[in-house]
Amino acid sequence: MRAFFLTIVLGVLLMPMQAAKTVTITVTNEEKVQRQELIEIDFKAISEQLGLGEDDGFVVKNAFGQQVDYQLTYDGHLLIDVAVRPGGKAQYTVSKGIPTQMKQWVFGKMYPTRKDDIAWENDRGAYRVYGPALQRTGERSFGVDVWTKNTPEIVVEDRYTADYDGNILKSIYSRKKQGDKWREEDLRTSFHLDHGNGLDCYSVGPTLGCGTPALMVNDQLLMPWCYKDYEILDNGPLRFTVELAYHPAVVGTDSAVVEHRIISLDKGSNFNKVVVWYDGLSKPCDFATGVVVHSADKESYVLGKNFVQYADPTDTPDKHNFQIYVATLFPEGAATRFLPLAKPQNGIEGHALGVVKKLTAGKKYTYYFGSAWSKHDVRTQNEWQVRINDFMNALATPLKVEVEQ
């Protein structure tokens with residue numbers, strides 16, 4: 001009987017480990033402020049614990065048992081949008097199952113109908129970079145553009161469609177010299193005008209715009225032009241990520257230099273994350289990024305220890321009568337300064353910058369850029385500073401995430 005019992009015990013011990021039915025994720029907020037943000041978890045460990053096969057679905061639930069939105073990223077992370085009270089804890093569970101339809105909070109794509117623009121958005125704002133088709137026209141648009149929004153809905157693609165269709169009609173009216181109809185169509189379809197959910201009224205041109213990286217030689221910015229290659233790595237529902245390459249990376253340097261950027265924008269955030277590095281640099285070079293400063297509000301920029309921010313007057317201040325708040329943040333450190341143009345022109349005074357000395361080939365540098373709109377959730381520049389401070393504090397004190405069966 002004893003031998004039979006030992007045989008059973010040994011058999012149980014030698015059986016393969018059973019997969020967990022549920023994995024619990026506990027998120028702790030050790031700060032005295034409310035936190036609402038995405039957390040990242042290595043998905044491989046969770047998948048192994050649940051015994052998920054390649055085709056198996058899974059669901060994430062909150063403490064009420066409701067399904068919540070999640071995303072698997074290109075680099076193997078599980079994203080969950082969490083809310084945690086000051087000094088509190090929140091629990092989420094992951095288990096096998098078929099998730100319900102998730103809301104698309106972010107979206108981006110390349111628009112060949114608009115000269116290869118790549119535009120992306122979340123529930124707070126939208127951005128674009130310019131592509132090869134635009135560069136072939138000779139137009140000098142270097143920086144990241146900002147589009148305002150006042151809705152969490154995905155709207156940028158509709159703006160492009162309406163603007164494109166309107167341009168076709170305006171071309172017809174122009175040929176027929178029907179100026180009144182041309183103006184009427186422009187008022188109805190142009191994405192440079194607000195039709196109820198925001199617009200493009202940020203002036204970029206031959207500047208860094210909002211947060212474009214550049215090498216810096218002899219106190220001069222060597223600005224990139226338009227991207228040459230791109231790959232969209234993530235496209236929602238919670239994070240958009242695009243990788244961009246510039247060949248050559250900057251005007252005036254060795255053609256062997258290649259600039260790489262990985263830009264990501266999360267649901268709920270005013271700020272894009274950028275990881276930038278340069279291949280082909282023959283020697284260390286100073287690096288800078290920041291925001292363009294325009295003549296209309298040239299005194300409203302702020303140089304902080306680890307940020308620059310600005311209340312931009314828009315491309316037509318006397319008609320719009322609102323502001324776009326922009327900023328670039330340097331959690332890894334940078335020396336902030338104002339770099340004026342030798343001679344202000346076309347309404348441009350210069351740039352508010354963060355400068356990193358002697359960036360070497362292949363060295364990755366991470367920073368953030370972003371925006372808000374005075375007609376939406378950030379009404380004043382003082383509020384914008386609070387938003388910046390809170391974001392920087394959150395970066396410095398990440399939420400504590402524990403995963404257990």
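**Nonpolar cores**

I began with the nonpolar cores, and found that the largest has 52 residues, with W120, Y365 and F369 making the most contacts inside it. I took a nonpolar core to be a set of buried Ala, Val, Leu, Ile, Met, Phe, Trp, Tyr and Cys residues joined through side-chain atoms within 4.5 Å, where buried means under 20% relative accessible area, exposed over 50%, and partly exposed in between (1.4 Å probe, protein chains only). Strand β17, residues 285–294, gives the most to this core, with 5 residues; strands (E, at least two residues) and helices (H or I, at least four) are DSSP runs numbered from the N terminus. Another core lies apart from it and has 22 residues, among them I41, F58, V68 and I80.

I noted that the model is predicted, that local features need pLDDT of at least 70 and side-chain atom pairs count only at pLDDT 80 or more, while totals for chains, interfaces and linings use all residues. Residues are numbered from 1 along each chain as its sequence is written, and side-chain values use heavy atoms, with hydrogens and water left out.

I then listed what Y365 touches, not counting residues up to four places away in sequence, and the list includes V274, V275, V276, F287 and F330; contact here means heavy atoms within 4.5 Å.

**Salt bridges**

How many salt bridges does the structure hold? I found 21, each being a side-chain nitrogen of Lys or Arg within 4 Å of a carboxyl oxygen of Asp or Glu.

I looked at R239 and E40, whose side chains meet in a salt bridge at 2.7 Å, N to O. R239 lies in strand β14 (residues 239–246) and E40 in strand β2 (residues 35–42), so the pair ties together parts that are 199 residues apart in sequence. R239 counts as buried at 10% relative accessibility, whereas E40, at 39%, counts as partly exposed.

I turned next to R128, which forms a salt bridge with D117, the closest N and O atoms being 2.5 Å apart. This pair links strand β8 (residues 117–121), which holds D117, to strand β9 (residues 125–129), which holds R128, the two residues being 11 apart. D117 is buried at 0% relative accessibility, and R128 is buried with a relative accessible area of 3%.

R128 also meets D145 in a salt bridge (2.9 Å, N to O), and D145 sits in strand β10 (residues 145–148), 17 residues from R128. Salt bridges that share partners join R114, D117, R128, D145 and D200 into one network.

I asked which side chain of opposite charge is nearest to D312. It is R128, 13 Å away, and D312 is buried yet has no salt bridge; Lys and Arg count as positive and Asp and Glu as negative, with His and the chain ends not counted. D312 is found in strand β19, residues 307–312. Its side chain makes a polar contact with the side chain of H294 at 2.9 Å, a polar contact being a pair of N or O atoms within 3.5 Å, one able to donate a hydrogen and the other to accept it within protein, with residues adjacent in sequence counted only if both atoms are side-chain atoms. The D312 side chain also reaches the backbone nitrogen of T314 at 2.9 Å.

Q323 lies in the loop between α6 (317–320) and β20 (324–329), and is partly exposed, with a relative accessible area of 25%.
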